[in-house]
Amino acid sequence: MHTPILILVLLGVMAFAFHLGRTRSLATVGGRTGVRKLHSLPAYYGFYTALWAGLPALLVAGLWVFFEGSVITSLVVEGLPAALRDQPPAQLGLLVNDITNLANGNIVSRAVDADLRAAADHMNELRTIGKMALSVVVLSIALGAGSLAWRSVGPSMRARNRVERIVNGLLIVSSLIAIFTTVGIVMSVLFESFRFFHKIPLTDFLFGLEWSPQIALRADQVGASGAFGAIPLFAGTLLISAIALFVAVPIGLMSAIYLADYAGPRLRSYAKPVLEVLAGVPTVVYGFFAALTLAPAIRGAGEAMGLTVSSESALAAGLVMGVMIIPFVSSLSDDVINAVPQSLRDASYALGATRSETIRQVILPAALPGIMGGVLLAASRAIGETMIVVMAAGLSANLTLNPLDSVTTVTVQIVTLLVGDQEFDSAKTLAAFALGLLLFIVTLGLNIVALHIVRKYREQYE
Amino acid sequence: MPVESNANRRRAIDVVNTSLKKRYAREARFRRLGFGAVILGLLFVSILFFDIIGKGYTAFVQTHIELEVYFDPAVIDPEGKRDMKEIARADFRKLSRNALRSLFPEVTKRNDRRALDAMLSSGAPHQLLEMVRHDPALIGERRVIDLIADDDIDMLIKGHIDRNAPQSDRRVKDQVIAWVDELQKQGRVKEKFNTGFFVNGDSREPELAGIGGAAAGSFYTLLVTLLLSFPIGVAAAVYLEEFAPKNRWTDLIEVNINNLAAVPSIVFGLLGLAMFINLFGLPRSAPLVGGLVLTLMTLPTIIIAARAALKSVPPSIREAALGVGASKMQTVFHHVVPLAMPGMLTGTIIGMAQALGETAPLLMIGMVAFIVDIPGGPLDPSTVLPVQVYLWADSPERAFVERTSAAILILLAFLIAMNTFAVIMRRRFERRW
């Protein structure tokens, strides 16, 4: 049975169990007239039976779906002839890929011999057995647990409390997923990073001035030194983020001030949502705009002025990224400015200050910590932004501060190292996870500091 | 003398008056600066949209060449058995080629003929095959058919190729331009609505490439995301807002959710790659894995929105329900959650819009492969719309630029529709207590 059909059948079983549980609860007290003798409403007995029929079985089915692939693969590898099995992991991985492809009826990259055919048949056989076993196991669990619950149904059974306890457990599990995600992120990048730092010392990575992750296969290969110094990437990331903030902070802050203090209600009601549109545009669209419209324009303008501009200049990527984070800065500043108490403004006006003087000398200093927090959040956005730089910034790791030059960033390198064919275990692939770890730590740090500042600032005026 | 000194001393009001002009000027300057910032922001929005619309609108029509095709039985079905399998293998290129060559009988040299043949798309023979498959009675007939032109011809007609550029810099040579002009004079060049763009899968030939496959991939990915993130998000929000005791654990969960909302999306891609693909062995490029990753990514958004919605339900509702004897669970699920549902749904739609536009994490889990087939389920390899945009943006052909822009327009249309729907829903169902 296919898994989706199995799930549907299981849902059917649950509906049936609901009905049975409900009817039995009524039957034990002699029909509708005796309903007052039941501890809970009849529906709760139905829910109780249905939950017991469904949940354990769903859990088993879910676990199997997750681990089916790895279990079957390892069983197939076990069943391979010894000559094929004793290969380096990378070769073995390719072999397993071919077996899977053959079993799925896809194109295979090598000549199909008897061993391969046998392995593929073995795999298909295991899959069929697995599917059948799963159906049998899941359905029998459902029926077994369901009938146990059904038999315990009786007037004195506290069905509502039991159902509520189960639901409460489900709620707790759902809210723990946030923690699991964080743990999962940390684990997945940490393990691979450890393996990376095993090969490349941490200091070389953090302080090296040269980045060229291609590892030479032959001694005479050009441009493949396998250097993993991340300083050029940091410099490139910082350069582009700085350009972005240079655009976004003044425009975002000034438009927030103008919309909050000067603009009439009509302008505000139109301009605000239009500016918010900038936040909803997918980043791949900005990347396309930066790469195909802005970068050639900047290049043309630069050449007209006699400058040499790279066609993948940091300036184009930075400017577009700045536009992307304008609404972010402006909505955060808006919140912060509105949080400054009216009494401060009134006091300033009463002393005869003009509006701009009030804003510059009273509101901005009072709101400064909050604005700083907003800028930090925007910075973490800019550092972690991927698509704009992947499409508009370059790949070559230049250590430069010239915005007209091409630089590369941490996220660009993660994407280029991990997209396409990759060999696991190679320092090149693992480097991406080390960069990911670094990115995670830096953005997390920025966020924690920023959220802390914003919260503290808010408390000050509450 | 007190009087004299009074007259000599500058009074405060004079100081104010002399500086007043300067202060007003500064005030006006500040105001203009703010206005400029708003205008600049609006300008960016309009440049972005005009640029993309300007580049993309032409992709919604496609150049066709009207030709009279003879469905030659000798080519299609020499044995006359009308066996579809045999027919599918026939050389339909010959038919379209002959139809075009018959218009230009003077072209005889081999290279010239090849250039002439190249004016038709490599999808044109397929078009003929489909027609025969649909109606085998066509064999032996003559029909006037609009065949898809090659992307270079399409670009020439749409004016994206500069006719005045030197021949060596141009993708379309003088000779071909002359042929196209001749065809145009005969009224055989037609611009038709580009249905293929909406239903086809990806292709290396721009004139055959469509967003059908990517749209289906996006659909399955979002379906998985919605089915997982909505129930989990609402459950988590309900627990944290209504049931959780205030202790270190729940604080930890809260901090976690807030931080996850700000983690770069690419990091979620790394998680998906390391956990779902390498550890659990789920298939690469599958919408299922994409949906899982996007679920983890959108959960914080949904949880935060759902909590805000729950918070806005006044305590009197809860007290009333508890007062008539409902249990805590009944209070929440029978009264509070239904009242908070519009807000939760709004948050979910906004989260889905975010997920629809997301690209970077999906690159990590291999949804960037070149996939021609339209995926039929959440386990088939596929791409999604934004990744399709990324892939096409990398292609060198000029014709892909307009297709990329058109794909962006479709994507933006979906996003705007979703967000508008969310706003309308909020306005319609929002209750002020």
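A: Leaving aside residues up to four places away in sequence, Ile388(A) touches Thr283(A), Tyr286(A), Gly287(A), Ala290(A), Ala317(A), Val320(A), Met321(A) and Met324(A); two residues are in contact if their C-beta atoms, placed from the backbone, lie within 7 Å. This is a predicted model, in which local features need pLDDT of at least 70 and side-chain atom pairs count only at pLDDT 80 or more, while totals for chains, interfaces and linings use all residues. Residues are numbered from 1 along each chain as its sequence is written, and chains are lettered from A and ligands numbered from 1 in the order in which they are written.

The largest nonpolar core holds 212 residues, and those touching the most other members are Ala290(A), Ala317(A), Val320(A), Ile388(A) and Ala392(A). Such a core is a set of buried Ala, Val, Leu, Ile, Met, Phe, Trp, Tyr and Cys residues joined through C-beta atoms within 7 Å. A residue is buried if 20 or more other C-beta atoms lie within 10 Å of its own, exposed if 12 or fewer, and partly exposed in between. Helix α8 (residues 231-262) of chain A gives the most to this core, 16 residues; helices (H or I, at least four residues) are DSSP runs numbered from the N terminus. A second, separate core has 24 residues, including Phe47(A), Ala142(A), Ala149(A) and Trp150(A).

In chain B, Ser285(B) lies in the loop between α13 (265-279) and α14 (287-311). Ser285(B) counts as buried because it has 21 C-beta neighbours inside 10 Å. Its phi is positive, about 60°, although Ser285(B) is not a glycine.

Definitions and conventions. Helices (H or I, at least four residues) and strands (E, at least two) are DSSP runs, numbered from the N terminus.
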